[in-house]
Amino acid sequence: MPNFCAALHCSRMSSHSVLAFFRFPRDPERCKKWVENCCRSDLRDKTPEHLNKYHRLCARHFEPDLILKTSPFRTVLKDTAIPTIFDHPTRKRAKNEQAEDEATKAKVSKVEEKEEAPKDPAESANGQETDNGPRVSDEEREHKEYLRSLFDVVVMMGRQNIPLHGHSEKEPRSKSFTPSNFQALLEYRINAGDEVLRRKFETAAVNLEYCSSTQLQQMLDVSEKCILEDLLTEVKEARFFSLVMDNLVEIAGENHLPLFIRFVDQVSSLREEFLGFLRFEGDVEGIAQSLAVEISEKYSLSMEQCRGQAYFCTGIYAFKVKAVAIRLSEQYPLAVLTPSSAHSLNICLANSMNFTSVQLVMSTLKKIDAFFSKSPLLQNQLDNAISIYYQGNEEKAAALKEVCHTNWTEQHDAFELAVDLLESLLLCMDSVHDNEEFKWSDDVAHNAFVISEALSDFEFVMALVVLKNTLSFSRAFGKNLQGQTSEVFFAASSLTAVLHSVNEVLENIEVYHEFWFEEAINLAAALEIPIKIPRLFFRKQRPDAGEEIQPEAYYKIHLTFPVVSHVIKELSDLFSENHLKALQSLFLVPAIMGQLKFNTEETSAEIYKEDLPNPDTLPTELNCWKIKWKHGTKNVTLPSTIYETLQLSDVKFFPNVCALLKVLSCLPVLSLADDRCSTARRRLMAYLQDTPAKHRNKSLAMFNISCGYDLDLMVETYLKMYPDKEPTETPA
């Protein structure tokens, strides 16, 4: 689509001019000056983000020395550029009330004349007319319009989540199959009146399709590059960032690791954006090296500037993903490994356990969540089962029903809730599986049977009880980590108590296991579940003749002891010395200083000394910062978050404190202040749920997850990277 100049009484648009068009800046002050100078009162109430996305000014309104030609295909403005070359119609309107109407008619007339009349001598990219400047031929202009049409279709497919390919190409000659959605949409666009595309292919060779597979892949690569360009520019301006690795996904038959990046933007807002997919193949050392290389070469960032990392992975790959994160922490000590604020700590701890019994519990909880999300009728069936089981305790029943309408399988107390709901869940699944009234489909009945079989297995019951009791020590701790900034600060000092409690369980494992095993037996007896050792154990190793293994001894050796030991090690890995020092540095938030009565320990900030603009003055500056809030803010509510602190007008007088707060804000353990900051994660989850693995595409996913794109930038970048116009490969 062509860009129109937003200046009042300027009729230029990109499709009829070789002038460069520039987005409105995101900086609020500079954006405000742009709006004032271009005399558009209707834009004054628009946000900088809206103006940046939807409005442009052409190069004619800028002094030539403000415009830089970085390449034959790329023109940019200086960071401080302000448009100053305008007519002033407001003065004319003071003399003539009809001037605005006449100017509007003149604007329309000029556009129509330009459409009909031959093009004047070309203008240079910096906005100055010149007799010997480069001319844009009709052929070049039409080729750009052709590429813009192609990119427009690609963008639409990504935004609407339309896969590139339709049916499989098992019968490519059959008219019953449509192997390429992209080709079909191009043909539809031609039939809808796209004359540029029509002329392109009417004059092409008979056997040439609309777009070759090579050209399509080039366009996808260019699109992904352009989408990330603005994001990476903001990250570089922020300087420091953190990486968050999410659960493995399958794309084109290969495993990929979704990467998110956290940083503080120019208005001091914490953001978490989607960066891309990392191919997850090879050994731990190779994957860690590939990630560091991709960050450096593809994204032009440096892992030396990474100040935090987190991961969340389930299933058999969790151990490998953790090993990659630890390897990166060893190579880059300041890239501290932390829990992810997007997931509860107890769920992360359980998912990181590579034990068959624990994985049985976690996979069953996922199946339960997916099962009841299919239909409200299934949720009603569970509510009825709860009412039947808790007939004498209406208050408990009401509380459980309310919880079941949330994502309770992902909460801190998921295992406690699962124990309370176990009887009701089994009753519900059996009822659905029996399907006496033929209310449920065969697929739903089968899924109910699979879940019922898992719930009625003593291995599941025992593992659930062990997880509930072991992770009860970290439940409050994990909940505080997802709380307010002050709760995170004080949670760091409570880690020692948590580890002490879990270590005490390990030292007295015989006693604790006896109580837990008895609890599991009582729960199984209520459900008429036989106590037995997993069948898989006997298949892997056969005991000697005459030797009988007791269930209590088996579960102590193969479940209770490993789970408790793993929790201790995992907490120690997630809360390293550098991580704890970083959390202790949150004392810089004024509200936390007030809670500490301004008796703060300032040595924890030393780990970030090299990141400060004036490290030598840090002690003096911290003392001034403390005095400011201790004596100068009577009857004033102290800022309680990093974001509120960074919004203070006088924080700029404390450059070291400001830099420290921005680094701390990047840590993945801190919760995002606004739901809008986690939009990228929600869009990724929606894309993965709605798109079968065989139809997923890394580049199209970027369109679906990201919100902004610029077709003109894509065309310019494509022409720069691939100057050959004609495709030479087979059709897409």
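The entries below follow the order in which I looked things up.

**Whole chain.** I note at the outset that I am working with a predicted model. I counted the secondary structure of the protein chain at 30 helices and 10 strands. Of the 732 residues in the protein chain, 49% are buried, and when I took the contacts with a separation of 6 or more, 72% of them were between residues 24 or more positions apart.

**Helix 25.** I turned to residues 618-631, where helix 25 runs for 14 residues and spans 20 Å from its first C-alpha to its last, close to the 20 Å expected at 1.5 Å a residue. I then asked which residues of helix 25 are buried, and I found L618, E621, L622, W625, K626 and W629. These lie on the same side of helix 25, because the arc they cover around the axis is only 140 degrees. I recalled the general rule that an α-helix has 3.6 residues a turn, so residues three or four places apart point the same way. On the other side of helix 25, I found T620 and H631 exposed. I also looked up what covers the buried residues of helix 25, and the list includes helix 24 (590-595), helix 26 (642-646) and helix 27 (655-665).

**F587.** Staying with helix 24, I looked at the loop that joins helix 23 (577-584) to helix 24, and this loop holds F587. I count F587 as buried because its relative accessibility is 3%, under the 20% cut-off. Leaving aside residues up to four places away in sequence, I listed what F587 touches, namely F489, I592, M593, L596, T600, E601, E602 and S604. For T600, which is 13 residues from F587 along the chain, I noted a C-alpha separation of 6.7 Å.

**Helix 8 and helix 30.** I asked at what angle the axes of helix 8 (residues 213-238) and helix 30 (residues 711-721) cross; the answer is roughly 125 degrees, with the axes coming within 9 Å. This angle makes helix 8 oblique to helix 30, and the crossing is right-handed. From helix 8, I found Q215, Q218, M219, V222, S223, K225, C226, I227 and E229 meeting L713, M714, T717, Y718 and M721 of helix 30.

**Q183.** My last entry concerns Q183, which sits in helix 6 (residues 181-191). Between Q183 and S212, 29 residues apart along the chain, the C-alpha atoms are separated by 9.7 Å.

How values were computed
Residues are numbered from 1 along each chain as its sequence is written. This is a predicted model: local features need pLDDT of at least 70, side-chain atom pairs count only at pLDDT 80 or more; totals for chains, interfaces and linings use all residues. Side-chain values use heavy atoms; hydrogens and water are left out. Helices (H or I, at least four residues) and strands (E, at least two) are DSSP runs, numbered from the N terminus. The expected span of a helix is 1.5 Å times one less than its number of residues. Buried means under 20% relative accessible area, exposed over 50%, partly exposed in between (1.4 Å probe, protein chains only). The arc is that of the directions from the helix axis to the C-beta atoms. Contact means heavy atoms within 4.5 Å. Axes are lines fitted to C-alpha atoms, for helices over the stretch in contact, and angles run from 0 to 180 degrees between N-to-C directions. Angles under 35 degrees count as roughly parallel, over 145 as roughly antiparallel, 65 to 115 as roughly perpendicular and the rest as oblique. A crossing is left-handed if the near helix is turned anticlockwise from the far one by less than a right angle, and right-handed if clockwise.
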